[in-house]
Amino acid sequence: RQHILKIERRFETSFAKNSGLFKASMMETFSQYRFCNPTHKCTMVRLPMARPGVIYGMRQVQSNFDTIPTEQEIYEFGHRLFQAVQLSSECSIVCLIYVERLMEVAKVPLVARTWRPIFMCGLLLASKVWQDLSSWNIEFASVYPQFSLDQINQLELLFLKNIQWDLYISSSLYAKYYFALRSLLEKRDFRNRYNHMVLGNASAENDQALKVQQRSEQVRDEALLQLSRSM
């Protein structure tokens with residue numbers, strides 16, 4: 001939430017939009033307004049008639065995706081998916097790597113109107129890299145009905161194109177994110193544990209990092225193969 005708020009404040013000035021750190025055009029490219037199904041409100045009125053009957057009206061409700069989310073909203077958005085699809089905790093680390101890669105390579109800002117599509121797609125790709133039984137796009141559409149299956153497919157392709165189909169994650173990069181996140185809770189012994197893992201000592205964390213490296217390399221090769229066939 002703090003990052004979203006910080007970037008939103010930067011985009012309030014014309015200097016930030018043209019500074020080169022993020023592109024305003026990419027904010028519109030990943031905007032939730034482009035990928036979210038419209039919401040409608042149905043109003044029904046019962047008529048005093050001899051025969052039972054009702055009249056109903058339906059109107060489209062204007063959605064607002066420009067409100068800064070609370071930490072609870074962000075948590076509930078991710079937690080709903082982790083419970084429904086049974087994602088492992090490691091997927092959150094892989095997701096963070098892909099999201100930051102998207103921000104760095106394509107200069108996509110993580111703001112109020114983009115965080116949900118980016119977060120969801122990051123978790124989708126993470127599940128395909130990490131999970132032995134990866135999630136299907138239709139499962140994500142059932143958890144988040146505001147996104148149709150076609151919209152999720154388009155979003156996934158857009159995400160992959162903008163990270164240049166680079167799904168590879170080295171064991172050292174995974175270790176860096178793993179211990180950085182873990183240190184936010186523990187705040188101690190970060191460097192010793194990081195060196196212990198990177199230097200190749202046997203540990204559960206090292207096994208996880210190597211697994212991510214192997215799986216991400218495999219998924220990357222499969223994605224590139226599908227791309228070459230489509231061209």
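This is a predicted model: local features need pLDDT of at least 70, side-chain atom pairs count only at pLDDT 80 or more; totals for chains, interfaces and linings use all residues.
Let me start with the whole chain. The protein chain holds 12 helices and 2 strands. What pattern do they follow along the sequence? Reading along, you get α-α-α-α-β-β-α-α-α-α-α-α-α-α. The chain has 231 residues, and 41% of them count as buried. Now take contacts between residues at least 6 apart in sequence. Of those, 70% join residues at least 24 apart.

Next, a pair of helices. Find α6, residues 90–106, and α7, residues 115–130. Their axes come within 8 Å of each other. They cross at roughly 125°. Angles from 65 to 115 degrees would count as roughly perpendicular, and those over 145 as roughly antiparallel. The crossing is right-handed.

Which residues meet there? From α6 we have E90, C91, V94, C95, Y98, V99 and L102. From α7 come I118, F119, G122, L123, L125, A126, S127, V129 and W130. Sorted by class, this contact has 13 nonpolar, 2 polar and 1 charged residues.

Stay with V94 for a moment. In space, its C-alpha is 7.5 Å from the C-alpha of Y174. In sequence, V94 and Y174 are 80 residues apart. Y174 sits in helix α10. Is Y174 buried or exposed? Its relative accessible area is 0%, so Y174 is buried.

Back to α7, which also meets α9. The axes of α7 and α9 come within 10 Å and cross at roughly 80°. That angle makes α7 roughly perpendicular to α9. On the α7 side, the contact uses P117, I118, M120, C121, G122, L124, L125 and K128. On the α9 side, look for I152, L155, E156, F159 and L160. The classes here are 10 nonpolar, 1 polar and 2 charged. I118, G122 and L125 of α7 are listed in the contact with α6, and they are listed in the contact with α9 as well.

Now look closely at E156, in helix α9. Set aside its neighbours within four places in sequence. E156 then touches C121, L124, L125, K128 and N137. With K128, the side chain of E156 forms a salt bridge, 2.7 Å from N to O. E156 is in α9 and K128 is in α7, so the bridge ties together parts that are 28 residues apart in sequence. How accessible are the two partners? E156 has a relative accessible area of 13%, so it is buried. K128 is at 25%, which means it counts as partly exposed.

That brings us to salt bridges in general. Side chains of opposite charge can pair when their charged atoms come close. How many salt bridges does a search of the whole structure find? The search finds 4.

Here is another one. The side chains of D66 and R113 meet at 2.8 Å, N to O. This bridge links distant parts of the chain, 47 residues apart. D66 is in the loop between β2, residues 54–61, and α5, residues 71–85. R113 is in the loop between α6 and α7. D66 has 35% relative accessibility, so it counts as partly exposed. R113 has 18%, so it is buried; the cut-off is 20%. Salt bridges with shared partners join D66 and R113 with E28.

One more bridge returns us to α6. R101 pairs with D166, with the closest N and O atoms 3.6 Å apart. R101 lies in helix α6. D166 lies in the loop between α9, residues 149–162, and α10, residues 171–186. The pair therefore ties together parts that are 65 residues apart in sequence. R101 is buried because its relative accessible area is 11%. D166 is at 31%, so it is partly exposed.

To recap, briefly. The bridge between R101 and D166 ties α6 to the loop between α9 and α10.

Notes: Residues are numbered from 1 along each chain as its sequence is written. Side-chain values use heavy atoms; hydrogens and water are left out. Axes are lines fitted to C-alpha atoms, for helices over the stretch in contact, and angles run from 0 to 180 degrees between N-to-C directions. Helices (H or I, at least four residues) and strands (E, at least two) are DSSP runs, numbered from the N terminus. A crossing is left-handed if the near helix is turned anticlockwise from the far one by less than a right angle, and right-handed if clockwise. Contact means heavy atoms within 4.5 Å. Ala, Val, Leu, Ile, Met, Phe, Trp, Tyr, Cys and Pro count as nonpolar, Asp, Glu, Lys and Arg as charged, and the others, Gly among them, as polar. Buried means under 20% relative accessible area, exposed over 50%, partly exposed in between (1.4 Å probe, protein chains only). Angles under 35 degrees count as roughly parallel, over 145 as roughly antiparallel, 65 to 115 as roughly perpendicular and the rest as oblique.
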